[in-house]
Structures are given as C-alpha cells and as structure tokens.
Amino acid sequence: MQHTTHFALFDEGSKKEIRRAILKAVAIPGYQVPFASREMPIARGWGTGGLQITLSIIGKQDVLKVIDQGADESVNAVNIKKLVNKTTGVETTIETSEATIIQSRHRIPEVSLTEKQIMVLQVPIPEPLRWVEPSEFKTKKLHAEKEYSGAWLQLFEQIMKYGKTATNADHPVLVHDRYVMAPSPIPRFDNQKMHQSEALILLGAGREKKIYAVPPYTDVASLAFEDYPFEVESFDEKHCHHCQATNVFMDELVDQETGETYYQCNDTSYCLARLNEQETLLEVAVEHAR
Amino acid sequence: MLFDKVHDTQEAFRTILHCMSRPGTIQNIASERNDAEPLEHCDYALFLSAMTLLDAEVGFHIIGSNSERIGELFAAHTLSKATDLPKADYVFILQDAQPQLIREAFLQAKKGTLRDPQQSATIIMETEMLSKIPQLTLQGPGIATTENVHITANELWRDERATANQEYPLGVDMIFIDRQSNLMCLPRTTMLKECEVS
C-alpha cells in the first residue's frame, strides 16, 4: 500500500491555528503573536518558523522561492524547497518576479516585490528587547506599555562605544508607530524595503513560537537618533565583479592569491538574471554586426 | 454539497489574508464554487469562512434568528463550540440581527488585553452588498493612500466599532461577507470616515 503525506505536511488543525495567528499578526502590525510551534522535520533554528508559515498558507496555484543569505542554491534553501515541493507539488523557482511566496533567511530580494507576493522571513530571535531583558514575562509588559527605553539605550551604548550604531543586522524598527520589532537578521540595507512595502511580509520564529507581520503600505522606521541618523551599509564605488551591479547589497570576498578584496552581489538570482540579460544583449549585438 | 476541506479552506484563507492585509479590497470567497448546492440555513460563503477559521480550540457566537441551527451546522463540521458572547473568539452577525443585539455584540466581544491584544474577537458580519462606490473612506496599514468602499448594511456597526477600537492595540477585527460571497476586511488599524461629497 502506498502512503502519501497530507497536503503541505501539516494536519488541518495545525494549519488553522497558524492561519488564525497570521490574521491576528496582520491586524496588529509588529506585534508578536504567540502560536503553538510544531515539531518539524528540520531542526529548530533552520527556518521552522518560516516553514510553518509557508506550509500553512501555500496552495496548489502558488510558486515558491526560497533563499538563504541571498542564495537560492544553498543547502538550507534547497532542502526547504524540496520538502515543500514533495508534500504539495507546487512549482519552485529562483526567479523573484515569478514567485508568489518567497521564504527567506537574512535577505529581502533586490527586485522590488509586488502586491501579489508574500514575503516569509525566518526569525531566530523575534524579541527586540531580549538583549536588555531576558524575561519574556517582562518584555511582554514592556511592549504593552510601549516602553522601549531598553532598545534606545542599546543603540545609545553602541554610539558611546563605537561612535555609531553597530547593529550589523536585525536593526530594530518601529512599526505603525506602535511596536518595536526585530526585522529578522536582514542587513540594515534591507530595512528600508519593509517601509511601505507592496508585498505582505510575514515573520515566523519556530523556536520562540512567535508569528508577526508587516502588512503592505505600513510605516516601518528604523530606530535612530536625530544627531545619529540611520545609515545603511555603504557600497559606494563598489561593483559586483560578475555583473557590474552597483547600489545592491554585496558580499566582500578576498582573492586568496593576490590578497585583493572584491565584491559580488549577495542576491544570486538577481546577479544571474543580469548576467543572462547582458549575454542576450551581446548576442543581439553580434547578430546585428553580422 | 461538494466541499474540499483541504484546498477550499486554503483558498478561502488566502482570500481572507489578502483582504485583511489590504482593507478595502473586495474579493470573492466562493468564486469557484458557484455549483455548490445551497445550504439549508446559511450562505455558502459564511459556511466556508467558518470552516476556514473554526476548530475545537476556539469558540463562536452567532447573532441572528437562525443562530441555533447554523450553530449546530458549524459545530458538527468543525468541532468548535458555541459559547457566550464575552468568551467567543468569532462572532457571526447575521443579516437579520436585531440592532440591540448588534450593539451588545460590539460591547461584549473580547477586545484583548494590552499584554495579549491578540486575545480579541473577530466579528464576521453578513451584509447585503459590498462595492467600491464611495461611501466610506478607509485609511491605515495595508492602504497606499485611501480606499473607498460602500457597505450596504445597518450602519449601527460603525459607531460601535469605533467605540470598541478606541484603545489601540485593543479592539475587534471585522470580516464582511455579502450576498454574492464577496468579502472585505477591516482590521482594528483601519480608520473610517464618510466620503466627502465632491
């Protein structure tokens, strides 16, 4: 007898519970809604929060893209894609514009998202105040009272110590002028993509059992002081050594032989698309020359 | 009645999610199901939304003349239990609900607490018709500038909703379903005002 898994792996009860949490998260932007995180066939910390959201929202018509640190072909991304594909049969893609659901860890794609897409972000630590207050009981109270001195103080201490805010990623944001939220460990470069985004952004933390959301067209402001304005990673005068792109988030690499530093797009599918485009243009030009 | 518990509820959920994240957007919840045999006591769209949201972990309350029969139908299909208004997670207001009871529904429905604003009720309201004819102007998260909508129903809910939602993040979220299975949502963040006459 052939056994097949249920559509999208989850039983319907689990999906319903997660779906209800998602709707509440959308209705209260930036607020972390607790949910009964399920045991998953991948380890906690490997994207179970994002995966649970993806499996609960996905339908037969969807096209899924999964990225891990900007790459479509890393182990984590490939395995999540395989799991979802095997249990639902939905198509997967690396093309950002083709996807209806984009699950991601640490990046928001370079290509602008549209109203038809849902961005699902994997979150390790959803609580922006965790570094200053270890007790969940107390952080819930701080959120209730909109008491965010801790988050500000953390940034202030960094300025005192380093002369600037030193958050590499996960720079806290204020959503809809009410909740301070961890945007997940995306670089500061991507924080601005959350502000008035066209796509719905859902964030899931499996280990910490929280789901939260940024609805489209919602104000998302990165925390900053008047005299120390928010700054994103700068790639001025740098370009991708593959596709020559500028003004994108890049990885810094070192040539082992020459010791020279060079850069390349962090978003692999964006880089690939540009390379293909350039190739096509070149072929057309050669064709014309003939 | 043909009903696919897995895929129909998934599609319905995505419609609700799309509309909840974009207040003022009107989408049909049962468009693929025009062939569904009519249920005896309630519209298919209302039934489908109950199937999508309810299970044994939540309680519901129905206001309207046929509430008992519909309650039995929901309970039989979802294992959810009918509860008192102040405990209900989902409150269904049918079209023939008495004005006094609509008022009670908003007054007594759970608004959540500052610690747990998600422990609030969602009110699902049956209406005659939803359209984009300017009557109300909506503003808030999910809306680029403004959205205009027309909700043909007893207008009592507007004041009651405003009262219930006066202390954000506390409040109730609303789902409207009309006779043609069109659906529109008003999360607690959406601000309403009358359209200005131009």
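A cavity here is a set of points, on a 1 Å grid over the protein atoms alone, where a 1.4 Å probe fits but cannot get out, and its lining residues have an atom within 4 Å of a point. With that in hand, the second largest cavity turns out to be lined by residues of both chains: A:Arg20, A:Leu23, A:Lys24, B:Met20, B:Leu53, B:Tyr90, B:Thr122, B:Asp173 and B:Ile175.

This is a predicted model, so local features need pLDDT of at least 70 and side-chain atom pairs count only at pLDDT 80 or more, while totals for chains, interfaces and linings use all residues. Residues are numbered from 1 along each chain as its sequence is written, chains are lettered from A in the order in which they are written, and side-chain values use heavy atoms, with hydrogens and water left out.

**The second largest cavity**
- Its volume is about 60 Å³, taken as the space filled by probe spheres set on grid points joined across faces, edges and corners.
- H1(A) gives the most to this lining, with three residues.
- Two of the lining residues also pair up: A:Lys24 forms a salt bridge with B:Asp173, with the closest N and O atoms 3.9 Å apart (a side-chain nitrogen of Lys or Arg within 4 Å of a carboxyl oxygen of Asp or Glu).

**The largest cavity**
- About 70 Å³ of space lies in the largest cavity, one of four cavities of 30 Å³ or more in the whole structure.
- Helix H4 of chain A (residues 136-144) supplies the largest share of its lining, three residues; helices (H or I, at least four residues) and strands (E, at least two) are DSSP runs, numbered from the N terminus.
- Among the lining residues are A:Glu136, A:Lys140 and A:His143.

**Where the chains meet**
- Chain B brings 40 residues to the contact and chain A brings 42, contact meaning heavy atoms within 4.5 Å.
- About 3500 Å² is buried between the two chains, and carbon and sulfur atoms give 59% of that (the accessible area, 1.4 Å probe, that two parts lose on being put together, summed over both).
- B:Phe13, B:Arg22 and B:Arg115 supply 20% of the area that chain B buries against chain A, more than any other three residues.
- Six salt bridges run between chain B and chain A.

**Salt bridges overall**
- Over all chains, the search finds 27 salt bridges.
- One of them joins A:Arg105 and A:Asp68, at 2.3 Å from N to O.
- A:Arg105 sits in strand S4 (residues 101-105) of chain A and A:Asp68 in strand S2 (residues 63-68) of chain A, so this pair ties together parts 37 residues apart in sequence.

Technical notes:
On a 1 Å grid over the protein atoms alone, a cavity is a set of points where a 1.4 Å probe fits but cannot get out, and a pocket is an open set with protein on both sides within 12 Å along at least five of seven lines; lining residues have an atom within 4 Å of a point.
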